[in-house]
Amino acid sequence: MPVQPKLAAAAGGGRGFPSAIRRSGRVPGVDGMRTLAVGLVMVYHLEPGLLPGGSIGVDIFFTISGFVITRLLVAEYARTGNVAMAPFYWRRWLRLVPALLTVCALCAVLAGVTELAGFDGAWTSLLLSVTFLVNLVRATEPGPYSNGTALLAQNWSLGVEEQFYLLWPPLVRALLRKVRPRTVLIWTGVLCLLPVAWRWLLWNPTEAHRIYNGTDTRADQLLAGALLAIAVARLRHDDPRLAALRRWAGRLAWPAMILLGLIVWQIPVTGATAWTESWYTVGFLATALFSATIIAALELRPRSALSWVLSLAPLAWIGRNLSYGLYLWHYPLGRLMADLGVTRFHLVATLAASFAAATASYYLVERPLNRRWRHRGPGASRERGAAEAAGAGSGSGSGSGRDRERQQPVGVS
């Protein structure tokens, strides 16, 4: 039987990533970590005094996204010898945009038929959200954020992620084609340090919004996850370096969780009084390293107590299916509740409304569209055929197509 072309490519192109295919399924506990991250951000936005540092849920999610997306890119390269860009961007569009448009449509209706104060300036905010430009506008505002971004201000993080994904996957593919895996790892590490140096050069209290919202100044948090994904993918299961990484990740995961908890509890990150040089230069990277340590433990020690806790069914289900919707909905619904005079139980009412809206969006919009359109996008048929051929020929435990679909990362801010 002749060798499939993609398998032949994988025989050369994918060499050097022995763990990539074997580890391309879902990581136990990461979905639960998503749930905790989005929960922190929701509480922080709705009742800032309860969790002064809750905004670091964004930082945690950036690192998760960088890890998951790079893991998928490397696994595809190891499996097929290439990374198909058109199907990648189609999956990103399908995962993010329908739910976002649903939220924007409801906000547009409320802005058009009511005179609610919380929906003033809605049209600018809606336009910036659907074009993923909220972060760029916020980055140019040295004083209080303008009303034009207020309604869907949380979508600044979607802008950071999508701008990052315009650059990172093509760069990863180019590196994988041209240099050895070790060199890819080194380049990723260097790129991870550049935003820290750039923040040092930029630092000034008047530049806090620029640093907080810029893709170039927050890229190290995504790249920290990417660095971990590449490091694990290139190590064989019997490599002593992988054993050392597993051992140290296990030892440091709980301390990292405790440190993140202390930041959430005690350290404000946003607001003029929280604009400190230490946090706005190295603090972002420190949070990313704590998050990457936890992810490494979940990846390499799937039977640990931490993995068991974060894999509990409710946490995992919410993180996998509702985390994106919860973040999209909670901010405008919080403004709506305030306009309707819901003050005494504002947090509880908004959380309940957000869960209801996110669940409806998942079952009525996101899941049906993903099932119907996922394999109709550009290059989808060719990608599916190559993946099936590679899976049949490799005999590796690469995880089902459903596992890979569920691993598609989503943004939260």
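1. Let me start with the pairing of helix H2 (residues 30-46) and helix H3 (residues 56-80): their axes come within 8 Å and cross at roughly 150°. Axes here are lines fitted to C-alpha atoms, for helices over the stretch in contact, with angles running from 0 to 180 degrees between N-to-C directions. H2 and H3 are therefore roughly antiparallel to each other, a label given to angles over 145 degrees, while those under 35 count as roughly parallel, 65 to 115 as roughly perpendicular and the rest as oblique. The crossing of H2 and H3 is left-handed, meaning that the near helix is turned anticlockwise from the far one by less than a right angle, with clockwise giving right-handed. On the H2 side the contact is made by Val30, Met33, Arg34, Ala37, Leu40 and Val41, and on the H3 side by Gly57, Val58, Ile60, Phe61, Ile64 and Val68; contact means heavy atoms within 4.5 Å. These residues divide into ten nonpolar, one polar and one charged, where Ala, Val, Leu, Ile, Met, Phe, Trp, Tyr, Cys and Pro count as nonpolar, Asp, Glu, Lys and Arg as charged, and the others, Gly among them, as polar.

2. A word on the basis of this note: the model is predicted, local features need pLDDT of at least 70, side-chain atom pairs count only at pLDDT 80 or more, and totals for chains, interfaces and linings use all residues. Residues are numbered from 1 along each chain as its sequence is written, and side-chain values use heavy atoms, with hydrogens and water left out.

3. For the overall picture, the chain has 18 helices and zero strands; these are DSSP runs numbered from the N terminus, helices being H or I of at least four residues and strands E of at least two. Of the 413 residues, 54% are buried, which is to say under 20% relative accessible area, with exposed over 50% and partly exposed in between (1.4 Å probe, protein chains only). Among contacts between residues at least 6 apart in sequence, 82% join residues at least 24 apart.

4. The crossing of H7 and H8 is right-handed. Trp168, Leu171, Leu175 and Leu176 of H7 meet Val184, Trp187, Thr188 and Leu191 of H8, a set of seven nonpolar, one polar and no charged residues.

5. Please check His330, which sits in helix H15 (residues 323-339) and is buried at a relative accessible area of 0%. The side chain of His330 makes a polar contact with the side chain of His45 at 2.9 Å. (A polar contact is a pair of N or O atoms within 3.5 Å; within protein, one must be able to donate a hydrogen and the other to accept it, and residues adjacent in sequence count only if both atoms are side-chain atoms.) Leaving aside neighbours within four places in sequence, His330 is in contact with Val41, Met42, His45, Leu46, Thr350 and Ser354.

6. Thr217, in helix H10 (residues 215-233), is likewise worth a glance. Thr217 counts as buried at 0% relative accessibility, and a polar atom of its side chain lies 2.7 Å from the backbone oxygen of Ile211.

7. Finally, Phe132 lies in the loop between H5 (122-130) and H6 (134-139). Its phi is near 55°, a positive value in a residue other than glycine. Most residues other than glycine have a negative phi. At 15% relative accessibility, Phe132 counts as buried.
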